[in-house]
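Me: Could you take me through some of the labels used for this one, and what backs each of them up?

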Amino acid sequence: ELFEHLLDLGQHPKQMADTVTILEKIGHFLDEENDTIYYKNKNNFSKKEITKVIEEDLNLQEVLKKSAKYWDGGYVMCGLLGHGDAFVLRDPNGIRPAYFYQDDEVVVVASERPVIQTAFNVEINKIQEIDRGSALIIKKDGTIIQKEIRTPLERKSCSFERIYFSRGNDKDIYNERIELGKRIFPKVLESINNDVKNTVFSYIPNTAEVSYLGLIKGCQQYLNRVKINKIQELGKNPNTKDIAKIMSISARVDKIAVKDAKLRTFITDDDNRDDLVTHVYDVTYGIVKATDNLVMIDDSIVRGTTLRQSIIRILDRLNPKKIIIVSSAPQIRYPDCYGIDMAKLGDFIAFNAAVELLKDSKKDHILNDVYIKCKKQINLPKEKMVNYIQDIYKPFTASDISQKISELLTPKDTKAEVEIIYQSITDLHASCPNHQGDWYFTGNYPTTGGNKVVNKAFINYMEGKNERAY
């Protein structure tokens with residue numbers, strides 16, 4: 001689309017990559033602005049003088065307004081002009097994060113607040129967020145202004161940033177991840193039949209550590225209620241030993257999985273990922289008993305490859321009664337097209353589980369029905385496209401899909417019972433109230449381009465094309 005817009009402007013770009021087309025677009029309107037100022041002043045100044053006039057009068061806000069008019073996506077875009085002006089532009093939905101700090105000497109922009117706090121030793125209240133659809137414009141003379149470029153739309157900040165990608169040492173992200181862990185504990189408690197005594201709690205390193213702390217806090221709150229009830233049952237003059245025995249009740253907290261920090265399977269290319277996952281983890285022996293449940297929390301489960309090929313196999317070596325894998329994120333069902341590499345439907349274990357459930361229930365005609373609907377709208381303007389892929393999930397509850405995921409990810413020779421538990425959408429929103437962007441979980445894309453991408457992703461899946469939809 002960006003390429004076609006450039007052709008309409010009379011440009012002849014050599015590549016279709018988004019970076020190139022965006023540069024060409026901004027360059028086109030920068031040339032126009034340059035020419036306008038030049039012809040307006042050419043009779044009053046020498047060519048040398050007029051360069052200075054152009055630098056001072058250049059309206060970067062207007063250049064960006066014209067350039068970004070039809071852009072669809074999630075972005076924080078930084079640019080520097082030859083004469084010294086600079087800008088940082090954020091998308092209208094605020095999908096991608098952008099923070100800045102300024103003082104008399106510097107202005108710094110980053111996607112995360114802690115790096116600014118650490119590098120410049122400043123309090124969090126000195127750091128501001130760039131407004132949705134606005135550009136932070138830094139003039140050559142040091143003037144800093146924030147200007148609206150696109151009309152702000154509904155805030156749909158990416159919740160996956162909060163769950164996984166951003167640093168957990170941001171004050172708000174830390175609290176959000178704690179809350180994600182606390183809110184999923186009731187599901188865990190149900191899974192272990194309230195048997196905390198015979199349950200070991202741990203996490204799959206390393207980004208899940210904070211949500212794990214939240215899970216333990218949730219467990220401690222539950223155990224505190226249990227202790228209060230047990231002490232009350234002792235009567236008016238309880239024995240000190242009886243009280244001490246009750247007070248000693250606590251969650252069994254241990255580090256079970258050990259990860260090689262040098263190996264990150266999420267960002268490894270497809271060809272090498274499967275081979276890599278079998279070498280990433282090891283376990284701590286001698287802690288888990290045959291009568292124990294083993295609860296392991298992870299931040300998210302996207303493909304499930306690491307679980308199936310590595311983690312569940314090595315956890316099963318510890319001979320637990322039951323292995324419970326907990327995802328602090330909901331089921332990832334739809335591709336992302338706003339900066340996270342989750343582009344192929346066939347990669348998602350939740351999607352594969354839904355497809356298997358359709359087959360099991362003799363409803364796999366829904367796949368063909370959805371395919372026909374997607375093909376019919378492929379040439380429509382993206383503004384008129386509908387996310388029909390949601391129909392694939394409608395016949396089933398989230399629990400149905402979680403149960404099928406558990407089946408699909410359990411290796412055949414596993415001795416322990418395996419259950420996989422996911423966060424609910426409701427609890428995700430309650431945990432991250434200011435970051436409601438949840439399209440990878442719900443299919444509710446913040447821009448119409450998202451519907452176009454998911455439409456193409458499903459067509460690719462049905463036609464056996466293993467390629468990105470954008």
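Me: What makes α7 and α8 oblique to each other?

Reply: The axes of α7 (residues 171–191) and α8 (residues 209–233) come within 6 Å and cross at roughly 50°. Axes here are lines fitted to C-alpha atoms, for helices over the stretch in contact, with angles from 0 to 180 degrees between N-to-C directions. Under 35 degrees counts as roughly parallel, over 145 as roughly antiparallel, 65 to 115 as roughly perpendicular and the rest as oblique. The α7/α8 pair is therefore oblique. The crossing is also right-handed, meaning the near helix is turned clockwise from the far one by less than a right angle.

Me: Which residues in α7 meet α8?

Reply: Among them are Y174, I178, F185 and L189 in α7, which meet residues including V210, L213 and Y222 in α8; contact means heavy atoms within 4.5 Å. By class, this contact has eleven nonpolar, five polar and three charged residues.

Me: Fine, but what is the model, and how is it numbered?

Reply: It's a predicted model: local features need pLDDT of at least 70, side-chain atom pairs count only at 80 or more, and totals for chains, interfaces and linings use all residues. Residues are numbered from 1 along each chain as its sequence is written, and side-chain values use heavy atoms, leaving out hydrogens and water.

Me: Why do β3 and β4 count as paired?

Reply: Pairing takes at least two bridges found by DSSP. β3 (residues 99–102) and β4 (residues 107–110) have four, in the antiparallel sense, so they count as paired. Y99 stands opposite A110 in β4, and a hairpin of four residues joins the strands.

Key. Helix = DSSP H or I, 4+ residues; strand = E, 2+ residues; numbered from the N terminus. Nonpolar A, V, L, I, M, F, W, Y, C, P; charged D, E, K, R; others polar.
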